[in-house]
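Please look over the sequence and the 3D structure shown below before reading the report.

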Amino acid sequence: MRGVTEPGPLLRLFAFCGYAVLLAPAVVVLVVSFSAGEYLTFPPPGLSLRWYATLFANGPLMQALGTSLVLGLAVSALALLLGGPAAYAIARLDFPGKGVVAGLLAAPLLLPTLVLGLGLLLAFQPLRLVATWPGLMLGHSLVAIPFAVRIMVQAFAAVPREVEEAAWTLGATPLRAALRVTLPIAAPGAVAAGALAFLVSFDETVISLFLVGPRLTTLPVVMFQYAETRSDPLVAALAMALIAVALVVVLLVERLVGFQRALAKE
């Protein structure tokens, strides 16, 4: 078996340049978030924590943050409850129309979110679901479930069929074998799927713009509306708060199960 060769200096340089290009905007936003000035300028005239203090003292922003957190957790649970059985069926079962079902579950990812948001608005308006928790949950789940299904399909497919078949020979029904054997082995993938569904919901802006209202709105929408009328570093501090939430979720998944195991890759 041929060994893996170490990357050369040129490849390392290209990788470093790529990382620098990707991370440069985040670094700029991080520095500006500590600005002591009144406007978005780089480099900042001084460093201060005033905009973080202003952020946490802003009632509407904190209320929107709480809404986004609760909504993300609800969408994550819904994505696992609805996407888990679908992913198991696609990965483990053979039935007519299997490819069609898989294609339908991935279809929302192929459509622009602007089209999805407008379609949801037209569908939810007669049902009085606009600016309601059920409406937001259903709208966010439409784009979160395909991501969750894709990860869980990989997780279920990585479980050896022999393990499940051995449970059958010991008297377990197919349902019990799936719940007691296959699901625990694929649990890291479910954790990663739930985390990704949470992040998709937490960061969703376009669909939320169509479905929120004055009494129920999400943090990305409030951030978008704030940036339309103001240009102070509070936007940068808020952006760093969003990045911090995403990093916490990613590090939590890495700490609990590890991404390589969670994505079911050998």
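## The second largest pocket

Helix H12 gives the largest share of the lining of the second largest pocket, namely 5 residues. Helices here are DSSP runs (H or I, at least four residues), numbered from the N terminus. This is a predicted model, in which local features need pLDDT of at least 70 and side-chain atom pairs count only at pLDDT 80 or more, while totals for chains, interfaces and linings use all residues. Residues are numbered from 1 along each chain as its sequence is written, and side-chain values use heavy atoms, with hydrogens and water left out.

The volume of the second largest pocket is about 240 Å³, a volume being the space filled by probe spheres set on grid points that are joined across faces, edges and corners. A pocket is found on a 1 Å grid over the protein atoms alone, as an open set of points where a 1.4 Å probe fits, with protein on both sides within 12 Å along at least five of seven lines, and its lining residues have an atom within 4 Å of a point. Of the 12 residues that line the second largest pocket, Gly 194, Ala 195, Phe 198, Val 249 and Leu 252 are the closest to its centre. The elements that give two or more residues to this lining are H3, H9 and helix H12 (234-256). The lining of the second largest pocket divides into 10 nonpolar residues, 2 polar and no charged, where Ala, Val, Leu, Ile, Met, Phe, Trp, Tyr, Cys and Pro count as nonpolar, Asp, Glu, Lys and Arg as charged, and the others, Gly among them, as polar.

## The largest pocket

The largest pocket has a volume of about 290 Å³, and of the 16 residues that line it, those closest to its centre are Gly 84, Pro 85, Phe 156, Leu 179 and Leu 183. At least two lining residues come from each of H3, helix H6 (133-157), helix H8 (174-185) and helix H9 (187-203), with the largest share, 6 residues, supplied by H3. In this lining there are 14 nonpolar residues, 2 polar and no charged.

## A buried arginine

Which helix holds Arg 92? Arg 92 is found in helix H3 (residues 59-92), and it is buried, with a relative accessible area of 6%; buried means under 20%, exposed over 50%, and partly exposed in between (1.4 Å probe, protein chains only).

Not counting residues up to four places away in sequence, Arg 92 touches Phe 156, Ala 157, Val 159, Pro 160, Arg 161, Glu 164 and Thr 182, where contact means heavy atoms within 4.5 Å. A polar atom of the side chain of Arg 92 lies 2.9 Å from the backbone oxygen of Phe 156.

## A salt bridge

The count comes to 1 salt bridge, defined as a side-chain nitrogen of Lys or Arg within 4 Å of a carboxyl oxygen of Asp or Glu. Glu 38 forms a salt bridge with Arg 50, and the closest N and O atoms are 3.0 Å apart. Glu 38 lies in the loop between helix H1 (9-33) and helix H2 (50-56), and Arg 50 lies in helix H2, so the pair ties together parts that are 12 residues apart in sequence. Glu 38 is partly exposed at 45% relative accessibility, and Arg 50 is partly exposed with a relative accessible area of 30%.

## Positive phi angles in a loop

Arg 128 lies in the loop between helix H5 (113-124) and H6, and its phi is near 60°, a positive value in a residue other than glycine. Arg 128 is exposed, with a relative accessible area of 74%.

Ala 131 is also found in the loop between H5 and H6, with a positive phi near 60°. Ala 131 is partly exposed, with a relative accessible area of 30%.

Terms used. A polar contact is a pair of N or O atoms within 3.5 Å; within protein, one must be able to donate a hydrogen and the other to accept it, and residues adjacent in sequence count only if both atoms are side-chain atoms.
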